[in-house]
Amino acid sequence: MLTIQAIPAFQDNYIWIIQAEGSQHVLIVDPGAAEPVLDRIKKQNLIPVAILITHGCHDHVDGINELLQHYEVPVYGPKNEFIPHITHPLSACDGVIIEPLFPAFRILDIPGHTKGHIGFLIEGNLFCGDVLFGAGCGRLHSGPAEVMFESLQQIAQLPKETIIYCAHEYTENNLRFAVMIEPKNDELQQRIKDTAVLRQQAKPTIPFTLELELATNPFMRCEQAEVMASAKKYIDQALATPNSVFRALRMWKDRF
Ligand SMILES: [Zn+2]
């Protein structure tokens with residue numbers, strides 16, 4: 001069993017710390033800032049053994065340099081993005097052993113938000129950076145919408161119990177958009193209530209299960225009749241494929 005904890009950073013980022021069972025050894029995921037990570041590590045007497053990077057946005061990588069000054073650890077990250085400090089470039093593969101204390105990782109290529117974006121899957125936990133968010137998805141900084149759509153489809157194929165750790169607390173805002181797309185979705189209405197309770201207590205809405213996303217995230221539901229109808233109405237033209245529904249939703253959300 002792994003212990004996973006969130007370190008809030010900036011306005012709405014989460015830096016994730018993955019701790020091996022019965023050990024103080026930890027992996028640090030997407031350290032956009034070093035200070036909150038160093039604080040947590042010292043407070044809990046943790047021992048960093050590697051840094052994992054999903055993609056090159058500054059709020060995911062800017063803390064690497066300072067962390068390396070304190071801890072000489074390897075840095076695993078996307079092969080197809082230029083990120084200084086990466087010692088172990090990765091693209092889709094299975095069985096990546098970072099340290100014997102941790103189970104093997106599976107690496108997913110999930111481009112769309114950025115061109116080389118990867119995800120780290122370990123023991124049913126997916127660290128997906130800025131690809132899939134609670135009830136939403138990342139912006140398209142590179143490539144066409146189709147690429148992001150395919151990446152989300154790839155995640156949708158994972159076991160529905162998969163636990164998703166994304167990098168931003170955007171859920172509440174995303175739900176405001178989602179309910180406009182699918183006002184008749186009961187599970188979505190329930191999620192809005194549950195999320196409001198969490199946020200009132202200043203608790204993270206992350207992680208969440210893939211199952212919940214498949215039931216409530218419009219970007220994962222592009223083949224549903226109500227989602228298709230809303231997208232069609234917005235774009236005012238026929239949308240033949242889930243892919244084109246996705247493109248319309250993403251465009252709409254960008255202006256929301
Ligand atoms: Zn990003």
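This is a predicted model: local features need pLDDT of at least 70, side-chain atom pairs count only at pLDDT 80 or more; totals for chains, interfaces and linings use all residues.
Me: What makes β1 and β6 the edges of the open sheet?
Reply: The sheet has six strands in the order β1-β2-β3-β4-β5-β6, with mixed pairing. β1 (3-9) and β6 (88-90) each have a single partner strand, so one side of each lacks a neighbour in the sheet. Neighbouring strands are turned by 25° against each other on average, direction ignored.

Me: How do you know that β5 and β6 pair?
Reply: Pairing requires at least two bridges between the strands. Strand β5 (residues 75-78) and β6 have three bridges, in the parallel sense, so they meet the definition. P78 has L90 in β6 as its bridge partner.

Me: What makes β8 and β9 a pair, and in which sense do they run?
Reply: The cut-off is again at least two bridges. Strand β8 (residues 105-109) and strand β9 (residues 118-122) share four, in the antiparallel sense. One of the links joins D109 to its bridge partner I118 in β9.

Me: Which strands form a hairpin with two residues between them?
Reply: β9 and β10 do, and E123 in the turn has a positive phi of about 45°. β9 and strand β10 (residues 125-129) pair in the antiparallel sense over three bridges, and F120 has F127 in β10 as its bridge partner.

Me: How close do the axes of α8 and α9 come, and which residues meet?
Reply: The axes come within 9 Å, and the crossing is left-handed. V227, M228, A231, Y234 and I235 in α8 meet V245, A248, L249 and W252 in α9.

Me: Which strands does helix α1 lie across?
Reply: Helix α1 (residues 35-43) lies across β1, β2, β3 (25-29) and β4 (47-52). Helix α1 runs at about 140° to β1.

Me: Which residues touch the most other members of the largest nonpolar core?
Reply: Of its 70 residues, these are L27, I28, I51, L52, C128 and L132. Strand β2 (residues 13-19) supplies the largest share of this core, five residues.

Me: What is L27 in contact with, leaving aside its neighbours within four places in sequence?
Reply: The contacts are I18, V49, A50, L52, I98 and F102.

Definitions and conventions:
Residues are numbered from 1 along each chain as its sequence is written. A nonpolar core is a set of buried Ala, Val, Leu, Ile, Met, Phe, Trp, Tyr and Cys residues joined through C-beta atoms within 7 Å. A residue is buried if 20 or more other C-beta atoms lie within 10 Å of its own, exposed if 12 or fewer, and partly exposed in between; C-beta atoms are placed from the backbone. Two residues are in contact if their C-beta atoms, placed from the backbone, lie within 7 Å. Axes are lines fitted to C-alpha atoms, for helices over the stretch in contact, and angles run from 0 to 180 degrees between N-to-C directions. A crossing is left-handed if the near helix is turned anticlockwise from the far one by less than a right angle, and right-handed if clockwise.
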